[in-house]
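Have the sequence and the coordinates at hand while reading the paragraphs below.

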Amino acid sequence: MPSSSRQPIGSAGSFQAFFEDWLVRQQRFLDELLSAQESSSSTTTTSRFDDTDVVGDLIARVLAHYQEYYDEKSRMAHRNVFLAFSPTWFTPLERTFLWIAGFKPGLVCRLALSSLDDLTEDQIHRINGLSRETNWQEKSLDQKMAKIQESVASPPLVDLARREGMQIQSATGSDIEGGIDDVDNQIEPLKSAMQNILRDADGLRTRTAETMAGILSPLQNVRFLSAAARLQFRIRMLGFQREADRQRGSTTNGW
């Protein structure tokens, strides 16, 4: 769980520092998950993961780790929601997978169906039902997001920005302050709308993951959570590799 002494996250740099530390702990959790997964498939050795309570505790700690990320992101978004929608701590490749500043909730269902080969018919039925419900809620949020995007290009906001841009050079200090106040009055509703839809999207992500955890058995949860973490690290590593290749290409072309 997050430390009570942690400073509020309000800038890209401070959240990136948190995220990098979070990833270090994510790797440790992945190591534990893989150990538990290996122990469950072994018939010749015993380990602490043979205890159902130990496995349950591991799953709870992993889910709490994800919740810590959302708690910190929520605090950061409260201070600057635009950072949440333009996350500089992700690579360009990672950002292509984002949906309302995070992973698309339906991915939870697709990943479970593709990574678990011992699902019962009842589990598959429940996962398909969860997928349909999640898809419906995703579409609802897509519609809300589209309205927010339309408001950004609405005539009042665009006209205000154009007018202030044209007058800024000849304006007095008090005129500039008044213009900034006008912009703030226009921006505040947009910030509020973005904060609300981010809260709803993160809530859907959390509820979907928690519902999935309830559908799966403890050992299935271990395999599912390890698959999710491996996918996250794989995409991040590929993103860094592509950026390195791009920079090498730019250096070569630029002598």
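The model is a predicted one. Two packed helices are described by the angle between their axes and the distance between the axes. For helix H5 (residues 107–115) and helix H6 (residues 121–152), the axes come within 9 Å and the crossing angle is roughly 155°. Angles over 145 degrees count as roughly antiparallel, and H5 and H6 are therefore roughly antiparallel to each other. Their crossing is left-handed. On the H5 side, the contact is made by Cys-109, Ala-112 and Leu-113; on the H6 side, by Ile-127, Asn-128, Leu-130 and Ser-131. Sorted by class, this contact of H5 with H6 has five nonpolar residues, two polar ones and no charged ones.

In soluble globular proteins, nonpolar side chains tend to be buried together. The largest nonpolar core in this model has 29 residues. Phe-15, Phe-19, Tyr-69, Trp-89 and Leu-141 have the most contacts inside it. At least two residues of this core come from each of helix H1 (12–41), helix H2 (52–79), helix H3 (81–85), H6, helix H8 (173–215) and helix H9 (218–253).

Ile-100 is not a glycine, yet has a positive phi of about 50°. Ala-101, likewise a residue other than glycine, has a positive phi near 65°. Ile-100 is buried, with a relative accessible area of 9%; for Ala-101, also buried, the value is 9%.

Key. Residues are numbered from 1 along each chain as its sequence is written. This is a predicted model: local features need pLDDT of at least 70, side-chain atom pairs count only at pLDDT 80 or more; totals for chains, interfaces and linings use all residues. Side-chain values use heavy atoms; hydrogens and water are left out. Axes are lines fitted to C-alpha atoms, for helices over the stretch in contact, and angles run from 0 to 180 degrees between N-to-C directions. Helices (H or I, at least four residues) and strands (E, at least two) are DSSP runs, numbered from the N terminus. Angles under 35 degrees count as roughly parallel, over 145 as roughly antiparallel, 65 to 115 as roughly perpendicular and the rest as oblique. A crossing is left-handed if the near helix is turned anticlockwise from the far one by less than a right angle, and right-handed if clockwise. Contact means heavy atoms within 4.5 Å. Ala, Val, Leu, Ile, Met, Phe, Trp, Tyr, Cys and Pro count as nonpolar, Asp, Glu, Lys and Arg as charged, and the others, Gly among them, as polar. A nonpolar core is a set of buried Ala, Val, Leu, Ile, Met, Phe, Trp, Tyr and Cys residues joined through side-chain atoms within 4.5 Å. Buried means under 20% relative accessible area, exposed over 50%, partly exposed in between (1.4 Å probe, protein chains only).
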